[in-house]
Amino acid sequence: MEYCPACKSEIQPNTDSCAICNHAFDTNIKSEWIKIGSIQDNISAGYAKETLESSKIPVVIISNSGMFGAAGLSLNPFHGEAQGLFDVSVPEEYAKEATEVLNMILGDSWTKKD
Ligand SMILES: [Zn+2]
């Protein structure tokens, strides 16, 4: 059940304004993005992003050097620092599904967040 943040009335799902007080909802803010785990190499990170997007799961992958795909992204020459190089975040309601997809396609190549 969802409630209007302005007047606390019960609201119907998928409405964009409150029937009681006419408060407009920003549907983009409804989802809370959470980190579901880390990927240790950029090939797996790219594969994960592609696969999740083709499954219609919104995903953001952030590397230590900025957003995934940003210019200047390079392989870290210091292998000891490569742990958890890419953080994977999805909207909370997709976390379970995304985790299952990553388990399936990456196996041990990613680290699920506990
Ligand atoms: Zn309201």
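Where does Ser-9 lie? Ser-9 sits in the loop between strand E1 (2–3) and strand E2. We will come back to that loop.

A word on the ground rules. Residues are numbered from 1 along each chain, as its sequence is written. This is a predicted model: local features need pLDDT of at least 70, side-chain atom pairs count only at pLDDT 80 or more, and totals for chains, interfaces and linings use all residues.

Now the overall layout. The chain has two helices and seven strands. Helices (H or I, at least four residues) and strands (E, at least two) are DSSP runs, numbered from the N terminus. Starting at the N terminus, the order is β-β-β-α-β-β-β-α-β.

How much of the chain is buried? Buried residues account for 17% of its 114 residues. A residue is buried if 20 or more other C-beta atoms lie within 10 Å of its own, exposed if 12 or fewer, and partly exposed in between; C-beta atoms are placed from the backbone.

Next, contacts. Two residues are in contact if their C-beta atoms, placed from the backbone, lie within 7 Å. Take the contacts between residues at least 6 apart in sequence: 61% of them join residues at least 24 apart.

On to the core. A nonpolar core is a set of buried Ala, Val, Leu, Ile, Met, Phe, Trp, Tyr and Cys residues joined through C-beta atoms within 7 Å. The largest one here has 15 residues. Those with the most contacts inside it are Ile-39, Ala-48, Val-59, Ile-61, Val-88 and Ala-98. Strand E3 (33–39), helix H1 (42–54), strand E6 (86–91) and helix H2 (95–106) each give two or more residues to this core.

Look at Ala-48. Which residues is Ala-48 in contact with, leaving aside neighbours within four places in sequence? They are Ile-39, Ile-61, Val-88, Leu-102, Ile-105 and Leu-106.

Now the strands. Two strands pair if DSSP finds at least two bridges between them. E3 and E6 run antiparallel, joined by six bridges. Ser-38 stands opposite Asp-87 in E6. E3 also runs antiparallel to strand E7 (residues 110–112), with three bridges. There, Ile-39 has Trp-110 in E7 as its bridge partner.

Helix H1 next. H1 has 13 residues and reaches 18 Å from first C-alpha to last, close to the 18 Å expected at 1.5 Å a residue. That expected span is 1.5 Å times one less than the number of residues. Its buried residues are Ala-45, Ala-48 and Leu-52. They cover an arc of only 60° around the axis, which puts them on the same side of H1. The arc is that of the directions from the helix axis to the C-beta atoms. On the other side of H1, Ile-43, Glu-50, Glu-53 and Ser-54 are exposed. The buried residues of H1 pack against E3, strand E4 (60–63), E6 and H2. After H1 comes Lys-56, with a positive phi near 65°.

Helix H2 has 12 residues and reaches 16 Å, close to the 16 Å expected. Which residues of H2 are buried? Ala-98, Leu-102 and Leu-106. E3, H1, E6 and E7 are among what covers the buried residues of H2. Gly-107 follows H2, and its phi is positive, near 55°.

Back to the loops, as promised. Ser-9 is exposed, with 12 other C-beta atoms within 10 Å. Not counting residues up to four places away in sequence, Ser-9 touches Tyr-3, Cys-4, Cys-18 and Ile-20. Cys-21 is in the loop between strand E2 (10–11) and E3. The C-alpha atoms of Ser-9 and Cys-21 are separated by 8.6 Å. Those of Cys-21 and Cys-7 are separated by 6.7 Å.

Last, confidence. pLDDT is the predictor's confidence in each residue, from 0 to 100. Its mean over the chain is 80, and 76% of residues reach 70 or more. Where is confidence lowest in the chain, and where is it highest? It is lowest in strand E5 (residues 66–67), at a mean of 47, and highest in H2, at 96. pLDDT stays under 50 over residues 66–82. Where pLDDT is low, the predicted coordinates should not be read in detail.
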